[in-house]
Amino acid sequence: MTTSSLADRTTTAAARATDLSKIYGQGETQVVALDRVSVDFRQAEFTAIMGPSGSGKSTLMHCVAGLDNFSSGSVRIGDTELGSLKDKQLTRLRRDKIGFIFQAFNLLPTLTALENITLPMDIAGRKPDKEWLEKVIRMVGLADRLTHRPSQLSGGQQQRVAVARALASRPDIIFGDEPTGNLDSRSGAEVLGFLRNSVRELGQTVVMVTHDPVAAAYADRVVFLADGRIVDEVHGPTAESVLDRMKRFDAKGRTS
Ligand SMILES: Nc1ncnc2c1ncn2[C@@H]1O[C@H](COP(=O)(O)OP(=O)(O)OP(=O)(O)O)[C@@H](O)[C@H]1O
Ligand SMILES: [Mg+2]
């Protein structure tokens, strides 16, 4: 259990959703992707979000990260209520406070790996912290690929560029949608270890969607979604305890 060490850090929420609902479509085709979800992502905590395909994991993350609008409820990043922001303010908040690692890497094909990594900061007109940037690049193992373009990189290398890009500006909170889904287990473990270290040593807040119990075990806590609702939570997860919970949900799904 890591609960006590978590309590020692801080109880401030880096992000918070309250009664968050997201409904797609209308009438017959209506899909309730999120059904009054309330969840805190505390500062300096590594949270994994798990649940069956279609349970609302990406929707939750996109809504909390200000990438998607929601139907009702509220979302806060730090002290800022997202619903109160105009488009421009929301764009700035996303740029300055939030890092993303997408399932599809979203790299710009015409830029080199290094240019992709520093792009958000270049747009914001901010100088990267050179030492930190070098550390990030070393950790994700890209030092000898910095001048390559995405088309010249393997899938795993592209994903590592995306991870480095999210970490490079040291945002308040990093969201990752299956950030290691395309990596072999060794590169995946490196990336997860780095994310965990950035939480432990630097107070970074990380929220990650994953299907993999081994990846989830790197987190401080796992939140389980089913049908747009939070149905369970595990603190100090191990791959075994996560697998165990997943089996229980599967069993419930079959009997109900
Ligand atoms: N643009 C959309 N229009 C209509 N329905 C949508 C849209 N995007 C998502 N949905 C629906 O909302 C539900 C939640 O989708 P979401 O992408 O959040 O699932 P997920 O848990 O991330 O699944 P996966 O593990 O497959 O990525 C699904 O039933 C999906 O079909
Ligand atoms: Mg998804």
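Reader: How many residues of the shell around ligand 1 are nonpolar, polar and charged?
Author: Shell residues have a heavy atom within 4 Å of the ligand. Ala, Val, Leu, Ile, Met, Phe, Trp, Tyr, Cys and Pro count as nonpolar, Asp, Glu, Lys and Arg as charged, and the others, Gly among them, as polar. On that scheme, the shell has four nonpolar, seven polar and one charged.

Reader: What kind of model is this?
Author: Residues are numbered from 1 along each chain, chains are lettered from A and ligands numbered from 1 as written, and side-chain values use heavy atoms, without hydrogens or water. Local features need pLDDT of at least 70, side-chain atom pairs 80 or more, and totals for chains, interfaces and linings use all residues, since this is a predicted model.

Reader: Which helix gives the largest share of the shell around ligand 1?
Author: Helices (at least four residues) and strands (at least two) are DSSP runs, numbered from the N terminus. Strand E2 (31-42) and helix H2 (57-64) each supply at least two shell residues. The largest share, three residues, comes from H2.

Reader: How far is a polar side-chain atom of Ser58 from an oxygen atom of ligand 1?
Author: Polar contacts here are pairs of N or O atoms within 3.5 Å. A polar backbone atom of Ser55 sits 3.2 Å from a ligand 1 oxygen. For the Ser58 side chain, the distance to a ligand 1 oxygen is 2.9 Å.

Notes. Polar contact = N/O pair within 3.5 Å; in protein donor to acceptor, adjacent residues only side chain to side chain.
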